[in-house]
Amino acid sequence: MSSAYGGLSPLLILCLGLFFFSFPVISYQEISDETLKSLPRPKTDFDIHTGALLSPILRTRVPGTEGSRAVLNHFVDFFQSSLPDWKIELQNSTSKTPVHGNKDVPFVNFIASRDPPWAQAGDVGRLTLVAHYDSKYEPEGFIGAIDSAAPCAMIMHAMRSIDAGLTKKWEKMRKSGRKHQSLEGQKGIQVLFLDGEEAFKSWSAEDSLYGARSLAEQWDDEVNAAMSVYKTPLSSISLFVLLDLLGSKDPTIQSYFETTHWAYKKLAALEKRLRGLNQFKSTGNAPKPQWFIDGSKGEHELSGFGSIQDDHIPFLDRGVEILHVIDASPFGFPKVWHTLDDNAENLDIDTVEDWSVLITAFAAEWMELEGFMQMSKKASREENVNGKASGQWNKKTEL
Ligand SMILES: *[C@@H]1O[C@H](CO)[C@@H](O)[C@H](O)[C@H]1NC(C)=O
Ligand SMILES: [Zn+2]
């Protein structure tokens with residue numbers, strides 16, 4: 001990602017605003033304190049040397065190299081063995097780069113998705129969780145632990161944590177014949193691990209975002225089956241949540257887009273609740289711990305339309321709703337950014353774990369999984385004792 005802040009034109013802002021009002025209704029349901037307390041933590045799976053999820057990504061993985069193929073295989077293996085109900089696709093492209101002369105370099109995007117089993121693909125709007133998996137060409141040996149090995153592992157853990165809940169929820173809907181939750185059509189979820197985000201030489205429109213540019217273009221051109229709710233795979237993205245530069249201690253996350261500020265605020269609220277319930281292992285910024293620094297602002301109080309160049313840009317340019325979760329403000333990117341210090345040892349693993357729990361919670365709320373998540377024995381005992389503890393699960397927001 002580039003540190004250059006690009007201004008959005010007023011026209012684009014206007015278009016984004018108009019888009020928002022033509023979108024189908026998105027429903028979103030808070031989960032209870034009991035469910036929050038029972039969300040699984042990744043534990044040893046995030047060990048930097050032996051962890052089943054994270055450690056295989058903590059290596060060089062420059063596009064077109066053996067390291068890249070190994071990490072791609074790790075994603076495929078994980079979904080095939082742990083999440084067999086997910087559909088896996090690889091989207092390929094090639095491009096020249098400023099350092100490869102006439103050679104075509106291959107870029108492979110990894111896509112995994114899960115839809116309600118009865119749904120037509122074109123009728124499903126998907127929460128889309130995104131991180132890039134490539135590492136920088138230079139400096140040699142660059143690992144990119146926060147950029148973005150750790151975000152990939154966070155997403156893997158979150159999807160594993162909600163998978164059984166999705167199965168239970170959809171099974172119940174099927175049995176009761178309630179195949180439509182509301183007017184919105186069907187709700188699914190997908191993961192994009194994108195290739196070729198980094199520049200090979202120096203950041204420019206041509207030397208960066210290789211995978212994202214190819215996928216956004218392809219999904220804009222492809223047309224879903226006739227009579228589908230969504231015209232293209234691109235318009236099937238209900239929210240594009242991009243995670244980048246996460247895994248350093250005490251991150252600060254800004255809200256960039258008025259039309260998705262409501263979703264940013266949901267993350268901010270979950271952060272606060274998880275802290276309140278002592279579910280965060282990392283200590284926050286004293287004296288008032290807060291990652292989501294714009295959580296109490298209204299959407300018209302955001303500090304400007306500045307946006308960071310990252311994988312969301314080709315999607316944003318085509319009208320996709322974006323939530324950019326990046327540790328960038330107000331003091332700039334983490335110190336280790338784009339140096340050899342962005343390595344496994346410098347990750348703050350408690351923070352990485354906390355992120356994975358927060359993302360699990362957000363995905364569970366988006367997919368409306370209250371009542372379907374596996375509860376730990378302790379949490380379900382407490383619930384039996386207290387009755388329906390907080391009543392939080394009743395709250396539902398329509399936007
Ligand atoms: C993309 O390339 C991979 C090899 O990296 C191959 O297995 C896969 O079938 C290709 N996908 C498509 C859609 O061509
Ligand atoms: Zn980077």
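This is a predicted model: local features need pLDDT of at least 70, side-chain atom pairs count only at pLDDT 80 or more; totals for chains, interfaces and linings use all residues.

Residues are numbered from 1 along each chain as its sequence is written, and chains are lettered from A and ligands numbered from 1 in the order in which they are written.

**The whole chain**

Colour the protein by pLDDT: the average is 88, and 84% of the residues score at least 70. Display the secondary structure, which comprises nine helices and ten strands; these are DSSP runs numbered from the N terminus, helices being H or I of at least four residues and strands E of at least two. Of the 399 residues, 45% are buried. A residue is buried if 20 or more other C-beta atoms lie within 10 Å of its own, exposed if 12 or fewer, and partly exposed in between, with C-beta atoms placed from the backbone. Among contacts between residues at least 6 apart in sequence, 80% join residues at least 24 apart.

**The sheet**

Select β3, β4, β6, β5, β7 and β9, which in that order form an open six-stranded sheet with mixed pairing. Two strands pair if DSSP finds at least two bridges between them. The edge strands, β3 and β9, each pair on one side only, and the twist averages 20 degrees from one strand to the next.

Strand β3 (residues 87–95) pairs with β4 in the antiparallel sense over nine bridges, and Lys 87 has Ser 113 as its bridge partner in β4. Strand β4 (residues 105–114) is mostly covered, with eight of its ten residues buried. Five bridges join β4 to strand β6 (residues 186–194), again in the antiparallel sense. To see this pairing, select Phe 110, which stands opposite Phe 193 in β6, and Arg 114, whose bridge partner in β6 is Ile 189.

Move on to β7 (residues 237–244), a mostly covered strand in which seven of eight residues are buried. Strand β5 (residues 124–132) runs parallel to β7 and is joined to it by five bridges. Five bridges also join β7 to strand β9 (residues 322–326), and these two run parallel. Which residue in β7 is the bridge partner of Val 130? The partner is Leu 242, and Leu 242 also stands opposite His 324 in β9.

**The helices**

Angles run from 0 to 180 degrees between N-to-C directions, and axes are lines fitted to C-alpha atoms, for helices over the stretch in contact.

Now select α4 (residues 145–175) together with helix α8 (residues 349–366): their axes lie 8 Å apart and the helices pack at an angle of about 40 degrees. α4 is therefore oblique to α8, since angles under 35 degrees count as roughly parallel, over 145 as roughly antiparallel, 65 to 115 as roughly perpendicular and the rest as oblique. Residues making the contact include Met 154, Ile 155 and Ile 162 of α4 and Trp 355, Ile 359 and Ala 363 of α8.

**A last stop: Phe 79**

Finally, centre the view on Phe 79 in helix α3 (residues 66–82). Is Phe 79 buried or exposed? Phe 79 is buried, because 22 other C-beta atoms lie within 10 Å. Leaving aside neighbours within four places in sequence, Phe 79 is in contact with Trp 86, Ile 88 and Ala 112. Select Arg 160 as well: the C-alpha atoms of Phe 79 and Arg 160 are separated by 8.8 Å, although the two are 81 residues apart along the chain.

Technical notes: Two residues are in contact if their C-beta atoms, placed from the backbone, lie within 7 Å. pLDDT is the predictor's confidence in each residue, from 0 to 100.
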